[in-house]
4 protein chains.
Amino acid sequence: MLGATGIIPREDSERLIQGLRDVLSDVEAGRIEFRLHDEDVHMNVERILSERIGKEIAGKLHTARSRNDQVALDMHLFVLDQCGRTIDLLRTLQAAFLNRAEVYSSVIIPGYTHLQRAQPVLFAHHLLAYFWMLQRDIDRLQSCRRRADLSPLGAGAIAGTTFPIDRQMVATELGFSGIYPNSMDAVSDRDFVIDMLMANALIAGHLSRFCEEVVIWMSSEFSFIRLSDAFCTGSSMMPQKKNPDLAELVRGKTGRVYGSLMTMLTVLKGVPLTYNKDFQEDKECLFDSVDTVQQSLFHLAGMVAKLTVDGKSVQRATVSGFLNATDVADYMVRKGVPFREAHEAVGGLVGYCLEQDKPLEHLTLEEFRQFGAVFEADIYEHLKLETVVGRRNSAGGTSPAAVKLQFTQARETLAQTEAWLDQNKFRLFEE
Amino acid sequence: MLGATGIIPREDSERLIQGLRDVLSDVEAGRIEFRLHDEDVHMNVERILSERIGKEIAGKLHTARSRNDQVALDMHLFVLDQCGRTIDLLRTLQAAFLNRAEVYSSVIIPGYTHLQRAQPVLFAHHLLAYFWMLQRDIDRLQSCRRRADLSPLGAGAIAGTTFPIDRQMVATELGFSGIYPNSMDAVSDRDFVIDMLMANALIAGHLSRFCEEVVIWMSSEFSFIRLSDAFCTGSSMMPQKKNPDLAELVRGKTGRVYGSLMTMLTVLKGVPLTYNKDFQEDKECLFDSVDTVQQSLFHLAGMVAKLTVDGKSVQRATVSGFLNATDVADYMVRKGVPFREAHEAVGGLVGYCLEQDKPLEHLTLEEFRQFGAVFEADIYEHLKLETVVGRRNSAGGTSPAAVKLQFTQARETLAQTEAWLDQNKFRLFEE
Amino acid sequence: MLGATGIIPREDSERLIQGLRDVLSDVEAGRIEFRLHDEDVHMNVERILSERIGKEIAGKLHTARSRNDQVALDMHLFVLDQCGRTIDLLRTLQAAFLNRAEVYSSVIIPGYTHLQRAQPVLFAHHLLAYFWMLQRDIDRLQSCRRRADLSPLGAGAIAGTTFPIDRQMVATELGFSGIYPNSMDAVSDRDFVIDMLMANALIAGHLSRFCEEVVIWMSSEFSFIRLSDAFCTGSSMMPQKKNPDLAELVRGKTGRVYGSLMTMLTVLKGVPLTYNKDFQEDKECLFDSVDTVQQSLFHLAGMVAKLTVDGKSVQRATVSGFLNATDVADYMVRKGVPFREAHEAVGGLVGYCLEQDKPLEHLTLEEFRQFGAVFEADIYEHLKLETVVGRRNSAGGTSPAAVKLQFTQARETLAQTEAWLDQNKFRLFEE
Amino acid sequence: MLGATGIIPREDSERLIQGLRDVLSDVEAGRIEFRLHDEDVHMNVERILSERIGKEIAGKLHTARSRNDQVALDMHLFVLDQCGRTIDLLRTLQAAFLNRAEVYSSVIIPGYTHLQRAQPVLFAHHLLAYFWMLQRDIDRLQSCRRRADLSPLGAGAIAGTTFPIDRQMVATELGFSGIYPNSMDAVSDRDFVIDMLMANALIAGHLSRFCEEVVIWMSSEFSFIRLSDAFCTGSSMMPQKKNPDLAELVRGKTGRVYGSLMTMLTVLKGVPLTYNKDFQEDKECLFDSVDTVQQSLFHLAGMVAKLTVDGKSVQRATVSGFLNATDVADYMVRKGVPFREAHEAVGGLVGYCLEQDKPLEHLTLEEFRQFGAVFEADIYEHLKLETVVGRRNSAGGTSPAAVKLQFTQARETLAQTEAWLDQNKFRLFEE
């Protein structure tokens with residue numbers, strides 16, 4: 001840009017560009033060692049450049065720039081890049097959920113509210129709930145990336161520059177969609193950092209919910225699932241024992257991801273315009289949050305991909321628990337019994353079953369009829385878990401047909417994310 | 001919908017609708033008293049409806065619904081509505097900033113980094129930095145609203161419903177763009193609440209920065225601005241004294257807005273699917289956050305609208321502080337002095353001025369020439385603050401021309417927000 | 001004090017005191033209505049006093065005081081009082097835990113790490129873990145109370161007062177142990193508020209852990225305990241179903257208690273000396289935190305007091321899970337088998353049991369001997385859960401003897417707290 | 001202990017102790033390299049020990065221990081040690097404040113409320129406000145240390161151990177005052193970590209207040225103080241410019257210290273007993289919080305020690321601002337004018353001064369008398385800042401006499417802390 005606008009001679013700009021490309025490839029090849037006392041990466045690069053192409057031309061590199069807009073730029077590029085990478089990992093975890101849902105598409109488990117068995121649902125339906133949660137996380141990161149997609153370069157230290165620069169050209173070269181309209185805002189804005197910390201906090205919240213379920217499902221009492229040994233620690237003495245370490249760790253790491261958000265919100269509080277040294281604190285919390293969330297997603301994707309269901313335990317759980325009690329009431333209402341009356345009858349039936357220690361479907365027709373004259377032989381078909389599940393056929397419901405539709409929606413959604421990733425990948429220095 | 005799909009007879013649905021409309025107008029007219037022991041608003045409405053149109057038909061109101069999807073719906077409608085209202089208030093505060101910027105479009109103040117005077121900027125430029133901050137807040141709330149714009153109704157308690165409902169029809173009637181694809185997600189999702197708490201937290205962060213500046217500007221030492229008495233407390237004995245109460249209060253209230261976000265993130269942490277009673281805690285923190293932010297915006301808009309600049313103090317601040325020192329170096333470079341040499345010369349000049357206790361522009365030409373032969377009479381024009389400011393003419397810079405362009409961009413932006421507000425206003429029960 | 005030091009005439013001070021006592025008894029009798037437009041409680045009291053004993057004398061009430069030290073005083077008195085009340089409630093909950101521990105002193109449950117069954121423990125031992133957690137909360141509140149136990153009165157607005165007041169006398173009258181040594185610190189200090197918010201946050205954290213356990217124990221899969229209906233919501237249709245509402249609510253309320261702490265920490269951040277209006281935000285977060293924690297403690301104490309153990313489910317859980325596997329290794333080691341060898345043998349044994357689907361204690365002696373020659377008939381006694389538990393007899397261990405000692409320690413601790421409460425109760429205006 | 005109780009032979013225990021001492025001195029001499037794949041420090045030590053004294057005896061090291069109680073022990077030792085170190089640094093910063101207060105014991109500055117000039121105070125008085133804040137921090141850390149002062153060793157994995165260990169003996173050897181009374185609590189307790197994070201958060205809050213003041217005082221508009229170059233960044237071109245980098249950085253770092261507290265509170269939330277892998281997250285947040293706070297204290301102590309006052313600027317600030325207006329009212333009241341009347345008269349006087357642009361003390365006696373007949377020549381003495389300050393002679397007030405008393409109290413307090421530090425220093429492995 002400096003060459004194109006004539007701020008420095010074309011030849012100089014070309015030598016600068018060539019020099020920087022050489023430095024970059026040496027960096028990538030591991031041939032360059034940065035020095036701590038050069039303060040930051042920019043100073044290191046400029047020093048190395050000076051050693052190679054001479055101080056006079058290398059000195060022009062910093063023309064019309066300031067540390068303030070440069071540091072802001074680096075953080076923007078980092079956020080743009082990491083939004084994409086995190087979305088990619090979210091997509092991978094979604095794909096793992098979808099895969100498990102498809103593999104276990106006919107398994108019925110108890111659906112829980114208050115950790116109490118409520119109604120039978122497809123295991124696939126339960127897993128897909130996470131698919132859609134993560135989709136909102138993707139959307140949030142896409143919004144975050146869009147808002148971060150403005151170049152601060154050219155803002156100078158605070159007030160713009162006296163050189164006739166072309167900010168839009170630089171922005172386009174760097175892959176930005178636009179430029180900050182106000183130089184003071186450009187150097188003192190860290191919203192995009194907080195935006196990403198927020199998106200990460202909600203991802204961590206979601207993962208903590210799933211991990212909690214994994215820990216519960218892995219307890220001897222539930223035993224709903226089995227995990228690959230790679231994600232657990234065991235005991236050679238007690239081979240049945242498996243601590244779901246990864247799930248616990250990720251649940252615990254929610255803390256640091258929330259903490260990083262609080263860090264940066266606190267930094268922002270009450271700090272006047274424009275740049276203040278306080279903002280130097282934006283780096284570690286962002287890096288830690290990004291690393292933590294990305295690693296959590298990566299390893300959970302691996303864990304989910306190999307998660308298997310313990311069919312026997314799951315089935316045992318669906319048999320007891322009166323998951324079909326609601327449907328007995330439905331049955332009676334459809335046969336003309338007023339709702340409140342049906343409701344009471346079912347209360348009596350369940351109480352009777354508890355006394356007898358057997359599930360509803362094991363009652364004889366006579367036992368049923370003690371609680372209502374409308375019961376007929378079709379009640380047994382009506383009470384089968386498959387029937388119960390199949391009847392919840394409203395849009396987004398748990399019936400196999402409704403869930404099949406979700407599969408299709410989920411696959412389309414994955415494809416859209418892939419297309420977005422193709423369009424928004426980090427373009428800097430890519431040919 | 002229940003009538004349209006034949007789940008209940010048309011006549012019944014019409015009597016329900018008419019009954020509900022009557023209840024609504026009585027509520028709006030203040031003729032209805034809710035009872036605490038009816039537990040929540042739905043139960044109250046159903047009770048009143050029963051008293052009016054009879055238990056039998058009123059009892060059909062709850063067909064194919066559950067408390068779980070109903071409560072989720074209420075929160076969605078609240079968030080959709082409040083996003084719009086908050087955006088409207090953000091727009092009002094933006095307009096106030098723009099107005100002050102236009103009124104004081106030629107006032108120059110010191111631009112600060114590290115609360116140290118750095119370079120002269122237009123006061124208008126400084127104020128507009130807040131305009132663009134708030135614009136990101138608007139964008140964030142628009143994203144939040146878009147993600148919240150899915151109807152959970154029809155998810156039932158957890159698994160969908162056995163009735164042949166039309167979820168999309170209900171969603172459209174209620175003004176939603178779509179429906180949740182998964183019933184379990186629909187009843188256990190509170191992301192949209194957290195989304196709004198996050199957007200609010202960043203608004204509060206922004207306001208805290210501005211309020212900090214107001215407090216500093218109102219100190220005797222700065223005295224840059226004057227506020228209307230309505231937003232301060234004074235002292236009859238010391239009429240010169242004005243505590244910038246509103247600014248301090250809003251700065252302090254950042255705490256509760258951040259706190260509300262932390263509240264809900266904590267609630268979410270580690271809670272298994274689906275609905276858990278913990279989620280009842282989503283209400284107070286959201287209501288408090290929304291109220292706090294909206295009232296802060298409302299009152300600050302009033303305060304900014306009447307804010308006046310103390311021209312004398314501002315001018316005094318720009319005279320000292322060597323805000324034009326950078327431009328002396330520029331001057332020398334343009335006359336051929338190598339950058340580093342120019343830089344050193346200016347260091348000498350400023351040191352000399354400090355000794356003599358006078359600003360650069362009061363030096364004689366001879367004094368200038370002690371530090372460099374290139375100085376000529378045009379240096380005085382070059383050092384005028386107006387010239388210094390005018391030279392920072394890069395896009396987004398502080399020159400009057402660049403700031404004028406910002407005015408235009410800002411006005412267009414306001415118009416776009418207004419158009420968005422027209423399209424997205426809360427449509428429920430509006431004719 | 002004003003009378004005693006001669007700042008105002010004795011007669012005036014006596015009339016003020018008598019007037020204030022009258023106002024107080026009228027307030028306590030509900031005969032006084034405060035007016036909002038009188039701004040705060042002090043202004044209301046002064047107005048009422050003026051109406052009763054005349055403006056001239058009532059006007060002397062405020063001599064040598066300022067709003068700043070007065071408001072600080074109120075908050076101090078509130079914290080001193082509430083520390084005591086919260087400690088009293090913590091003690092009540094401790095007593096409930098101790099009582100349940102004593103009632104179920106011989107019940108064995110699986111002890112969990114990673115929510116995996118690890119070793120058998122007494123249910124009493126598990127409950128007492130909470131006793132000691134709460135004891136640290138009591139200690140923390142006692143520290144908090146001690147640090148808050150300084151009177152700010154006499155600090156004036158910021159710099160002290162020109163009247164010859166006796167601050168120590170006032171402090172003693174109000175029940176304080178001492179006075180703030182620095183007037184600027186006295187009016188700008190809100191540490192004692194944050195101290196209490198911190199103590200509350202850790203209480204809430206502890207309660208969230210216990211509530212999580214209650215929710216898990218109440219699941220059908222665990223079924224370890226039963227709760228009184230008063231603390232659950234049920235379903236008339238599904239009488240077996242009980243949502244542990246209170247436990248979920250208290251777990252959820254952890255959010256707001258953490259949030260209140262974050263609120264006040266944010267308020268404090270970066271605010272210069274001395275009093276700033278921001279500090280007005282100290283009230284709602286403190287009141288809400290105190291109310292939430294006190295109500296949580298109160299209701300949980302009720303819930304714990306009536307909690308019963310489902311002996312059958314608990315026993316079933318201890319039989320499977322190989323809780324005694326560690327003790328087989330111990331057995332072998334004591335009979336001379338090297339540790340590592342014993343360890344491997346047990347791994348083989350457990351694997352064999354898993355194949356055969358039976359617990360270790362159901363193996364025949366021959367089966368045992370396939371894995372080691374040292375097994376003899378005494379292995380069966382050695383493997384009994386009671387023996388296993390009893391052997392963990394180290395100080396603080398789970399053996400009945402060690403737990404009995406804990407009972408004694410716990411009872412002594414309760415007595416100490418009671419003694420502390422007697423000494424530190426809120427003494428203001430008590431005769 | 002293992003030897004003393006006969007759990008292992010005396011000779012073995014002696015060889016273990018000697019072996020460990022050798023390893024320790026090699027570690028201290030930098031002769032030992034830990035291996036990552038040995039998992040943690042204990043495994044490394046045990047491996048090295050095995051290589052040196054043989055597997056058989058080294059294997060006995062872990063007798064009657066578990067990873068769970070061992071890790072808890074390490075964290076306890078760390079907290080005990082770091083409480084002392086942080087207290088030592090707090091004391092150093094207090095001493096620096098006290099020194100500056102003594103050096104500038106006669107300098108008068110405006111005392112601020114709402115960042116508005118309120119009443120004149122001694123600069124020493126202002127600085128000592130921080131002395132007492134930090135003293136509360138010391139007290140808080142002492143409480144924290146006292147609560148952390150219980151040994152968890154002997155709790156085993158969860159339930160205690162079957163070996164006849166002597167927990168109290170081990171505790172005493174390690175420098176603890178007592179032992180955990182409950183093994184389950186011992187392995188799942190991280191309160192002491194949160195306790196220290198809380199104490200650190202309040203320290204950070206205090207430092208952020210002081211740093212904010214430094215930033216404000218360093219602005220050109222205030223210019224109250226000068227800092228040594230070591231704690232600022234300057235500009236060779238603008239030698240007058242000094243960015244108070246350290247103060248800004250420490251203010252910013254409040255964020256991460258608050259964030260670390262939120263991290264660990266979140267980790268704790270809703271995690272059942274006993275040990276869960278989540279707790280592994282206790283380390284990084286604690287280490288970061290401790291390092292950040294200690295380094296902040298260390299560098300601030302250096303900065304404060306060299307802080308100088310810009311007498312001219314400070315004096316200019318005390319002349320304007322009507323800091324003595326309250327004392328004019330006092331003067332009139334003492335001469336018999338009713339309070340309200342005096343108050344109004346002063347309002348008139350200040351208004352008149354504002355019009356005339358001069359301070360109260362520059363009015364002629366005639367001008368004074370236009371607002372009240374009681375004024376006499378002694379008003380000028382009465383209005384001198386020294387007199388005004390001297391009159392605020394109540395305990396803890398700003399008069400030189402009262403502040404002198406504070407000096408004495410402060411010195412005594414420092415001596416008490418030193419005595420405490422001597423008694424509570426980290427005793428492990430010290431001869």
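A salt bridge is a side-chain nitrogen of Lys or Arg within 4 Å of a carboxyl oxygen of Asp or Glu. Asp38(D) and Arg47(D) form such a pair, with their closest N and O atoms 2.2 Å apart. The model is predicted, and over all chains it holds 148 salt bridges.

- The size of an interface is often given as the accessible area lost when the parts come together. For chain A and chain B, the buried area is about 6,900 Å², and carbon and sulfur atoms give 57% of it.
- In chain A, the residues that lose the most area to chain B are Thr162(A), Arg209(A) and Leu273(A), which together account for 11% of what that side buries.
- Chain A brings 85 residues to this contact, and chain B brings 85 residues.
- Between chain A and chain B there are 12 salt bridges. One pair with side chains in these two chains is Arg146(A) with Asp139(B), which meet in a salt bridge at 2.9 Å, N to O.
- Across the interface of chain A and chain B, 54 residue pairs are in polar contact, both residues being at pLDDT 80 or more.
- On the side of chain A that touches chain B, the elements that give two or more residues include strand S1 (108–113), strand S2 (116–122), helix H8 (191–218) and helix H17 (400–424) of chain A.
- Sorted by class, the side of chain A that touches chain B has 35 nonpolar, 30 polar and 20 charged residues.

**Contact between chain B and chain C**

- In this contact, 22 residues of chain B meet 22 residues of chain C.
- The area buried between chain B and chain C is about 2,100 Å², with 53% coming from carbon and sulfur atoms.
- Arg256(B), Lys277(B) and Glu281(B) are the residues of chain B that lose the most area to chain C, together 26% of what that side buries.
- The interface of chain B and chain C is crossed by 10 salt bridges. The side chains of Lys253(B) and Glu281(C) meet in a salt bridge, 2.6 Å from N to O.
- Between chain B and chain C, 14 residue pairs are in polar contact, with both residues at pLDDT 80 or more.
- Helix H9 (residues 245–268) of chain B gives the most to the side of chain B that touches chain C, contributing 15 residues.
- By class, the side of chain B that touches chain C is made up of five nonpolar, eight polar and nine charged residues.

**Symmetry of the copies**

- Two copies of a chain are related by a rotation about an axis and a shift along it.
- Chain B can be laid on chain C with an RMSD of 0.1 Å by a turn of 180° and a shift of 0.1 Å along the axis.
- Gly259(B) is the residue of chain B that comes closest to the rotation axis, with its C-alpha at 2.1 Å.
- Of the interface residues of chain B, 100% are also interface residues in chain C, so these copies meet through the same surface.

**Buried charged pairs**

- Side chains of opposite charge can pair when their charged atoms come close.
- Arg147(B) forms a salt bridge with Asp139(A), with the closest N and O atoms 2.8 Å apart. The pair crosses between chains, from helix H5 (residues 123–148) of chain B to helix H5 (residues 123–148) of chain A. Arg147(B) and Asp139(A) are buried.
- Arg147(B) and Asp139(A) also belong to a network of salt bridges that links them with Asp137(A), Arg140(A), Arg146(B) and Asp195(B).
- The side chains of Arg140(D) and Asp195(C) meet in a salt bridge at 2.8 Å, N to O. Arg140(D) lies in helix H5 (residues 123–148) of chain D and Asp195(C) in helix H8 (residues 191–218) of chain C, so the pair joins two chains. Both Arg140(D) and Asp195(C) are buried.
- In the pair within chain D, Asp38(D) and Arg47(D) are both buried.

Technical notes
Residues numbered from 1 in each chain as written. Chains lettered and ligands numbered in written order. Predicted model: local features only at pLDDT ≥ 70, side-chain atom pairs only at ≥ 80, totals over all residues. Heavy atoms only, no water. Contact = heavy atoms within 4.5 Å. Buried area = accessible area lost by both parts, 1.4 Å probe. Polar contact = N/O pair within 3.5 Å; in protein donor to acceptor, adjacent residues only side chain to side chain. Helix = DSSP H or I, 4+ residues; strand = E, 2+ residues; numbered from the N terminus. Nonpolar A, V, L, I, M, F, W, Y, C, P; charged D, E, K, R; others polar. Buried < 20%, exposed > 50% of the residue type's maximum accessible area, 1.4 Å probe, protein only. Least-squares fit on C-alpha atoms with pLDDT ≥ 70 in both.
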